[in-house]
Amino acid sequence: MAVNKVRMAWVQVFAAWAPVFAWMVLMSYLSTDPFSGTWSEGLLGFWVTFLHLPGGAHDVQLANMVLRKSAHCFEFFVLGILLYRALSTERQAGEPVDRRVLVRVLLLGFSFAVLDELHQAFTS
């Protein structure tokens, strides 16, 4: 009986943290050179030309910056949700948000952001 409880505990830990690590891996992969700003700007430029949209190179650069910053915010927003989910497995529906969990989410998210910037420094 005790073995089943330990096994179930590990399954719960895996179910809570696997999405966090999978998302972090995806974020790290998307931070590599194949998905650089040059790549996304070229893709946007192609679509502007293909669809005969008005605007020049400056507009494409501005759209690229907005798109990339929005994507970055979205990536870390999803990471925050996944971290909160993983750190608050004991929380029941309807309970107030635990501020200590939010602080941990912010610290872990910030730590990953620093690691992501270091990673980008070596891959870009």
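The model is predicted, so local features need pLDDT of at least 70 and side-chain atom pairs pLDDT 80 or more, while totals for chains, interfaces and linings use all residues. Residues are numbered from 1 along each chain as its sequence is written, and side-chain values use heavy atoms, leaving out hydrogens and water.

View 1. Phe50 belongs to helix α2, residues 37–50 (helices are DSSP runs of H or I, at least four residues, numbered from the N terminus).

**View 2. The largest nonpolar core.** This core (buried Ala, Val, Leu, Ile, Met, Phe, Trp, Tyr and Cys joined through side-chain atoms within 4.5 Å; buried means under 20% relative accessible area, exposed over 50%, partly exposed in between) has 14 residues, and Val20, Trp23 and Leu79 have the most contacts inside it. Helices α1 (2–30), α3 (57–87) and α4 (99–123) each give two or more residues, with α3 giving the most, six. Leu79 touches Val20, Trp23, Met24, Met27 and Phe112 (heavy atoms within 4.5 Å), leaving aside residues up to four places away in sequence.

**View 3. A salt bridge between Arg100 and Asp98.** Their closest N and O atoms are 3.2 Å apart (the rule is a Lys or Arg side-chain nitrogen within 4 Å of an Asp or Glu carboxyl oxygen). The count by this rule is one. Arg100 is exposed at 57% relative accessible area, and Asp98 is partly exposed at 27%.

Terms used. Buried means under 20% relative accessible area, exposed over 50%, partly exposed in between (1.4 Å probe, protein chains only).
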